[in-house]
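Morning, everyone. I'll talk about salt bridges today. Please have a look at the model first.

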Amino acid sequence: MTQNLDRLNALPLRDDLRGKAPYGAPQLDVAVALNTNENTHPVPADVHTAIVEEVTAAAWTLNRYPDREFTALREELAAYLGHGLGAENLWAANGSNEILQQILQAFGGPGRSLLTFVPTYSMYPLLAAGTHTGFVAGERSADFGLTAESAAEQVRRHRPDVVFLCSPNNPTGTALDEDVVTAVYEAGEPHRAVVVVDEAYAEFSHGGTGTALSLLAGRPRLIVSRTMSKAFALAGARLGYFAAAPEVADAIRLVRLPYHLSAVTQATALAALRHSEALLANVEDIKRQRDRIVEELRRLGLAPAASDSNFVFFGGMPDSRAMWQALLEDGVLVRDVGIPGHLRVTAGTEEETTAFLTSMERIVSAG
Ligand SMILES: *Cc1c(COP(=O)(O)O)cnc(C)c1O
């Protein structure tokens, strides 16, 4: 390791990347992996068949570059989102991480800044660093909430070029009120800030929690980012997308790599979207497991945060590191997100959730 580090340091790496650590959620071989908020339900058999058929057909076209505009996919994504959106409002890339990177390539960059409200998704500072965009860590209240007044005040104070709002927020799980999004957009209006709402977990929200898709009309610098990695159980396919004014997609066309979405990716996503009902059928079960985790952790005397996502952020432990280790010894991998006294667990299948809760009960009663 140190030898590798010495060799890395000997390379003519950009100064601002020196000493940085790459994204590295552990990929350990455990019985119950509940650490990266994947959908732990496998792809349903009929969806699997549809994907294989579509990819088989696409394989005959691989001598040619794929449709650079992925028009069929954008039409299908617009139809899925509704809200009067058309293909011209949609853009897609290899995961929403690439979406966010492309947004920073177009609207961030040297001399510009990104504001987010921490704790939030750990990739945001890395995407800022990679695109040479200044990173401003905005604040939340002690309970990790964010009010419209506080968010707007921080936008006026820092005048960021880009704001990322994560809703439901990772790692805390809670969705933002609509008025936070509108207040941030308004506060950024004088200096034309681009506001991105990262809705990676939108499909898991409790009924009635809004989506920023309804706020797009009349807001040309608002972008709503989504992914097929979580609710659609398609993390391995790498498909993220956004909805925004058509000119935002035109801006991204200036920075995307040519043919960035492979024919195989397009075929996979298309087949999956045409079966979205079957794919999303597991979302209700995951929400039940999530609510079960919140309830049971409360019963054990811990302090879970309200969750609109497929994971639960919880505190109330004297030693979260020891808890993480004890769970791992039972074959249950959860996420230490680096916030002392807190851990994050993904809602799995009923069996996985039971394994986690059984282990927690054992650890707490032994404690
Ligand atoms: C998981 C996650 C994503 C999804 O990333 P992909 O690149 O689409 O797999 C995006 N944003 C947040 C906050 C996430 O937790």
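**Salt bridges in the predicted model**

Glutamate 69 has 21% relative accessibility, so it counts as partly exposed; the classes are buried under 20% relative accessible area, exposed over 50%, and partly exposed in between, with a 1.4 Å probe and protein chains only. Its partner is arginine 256, in a salt bridge at 3.4 Å, N to O. By salt bridge I mean a side-chain nitrogen of Lys or Arg within 4 Å of a carboxyl oxygen of Asp or Glu. Arginine 256 sits at 12% relative accessibility, so it is buried.

Some ground rules. This is a predicted model, where local features need pLDDT of at least 70, side-chain atom pairs count only at pLDDT 80 or more, and totals for chains, interfaces and linings use all residues. Numbering runs from 1 along each chain as its sequence is written, and side-chain values use heavy atoms, leaving out hydrogens and water.

Next pair. Glutamate 203 and arginine 226 form a salt bridge, 3.7 Å from N to O. Buried or exposed? Both residues, glutamate 203 and arginine 226, are buried.

Last pair. Arginine 18 bridges to aspartate 15, with the closest N and O atoms 3.7 Å apart. Arginine 18 is partly exposed, because its relative accessibility is 33%. Aspartate 15 is exposed, because its value is 66%.

And the total? How many salt bridges does this rule give? The count is 19.
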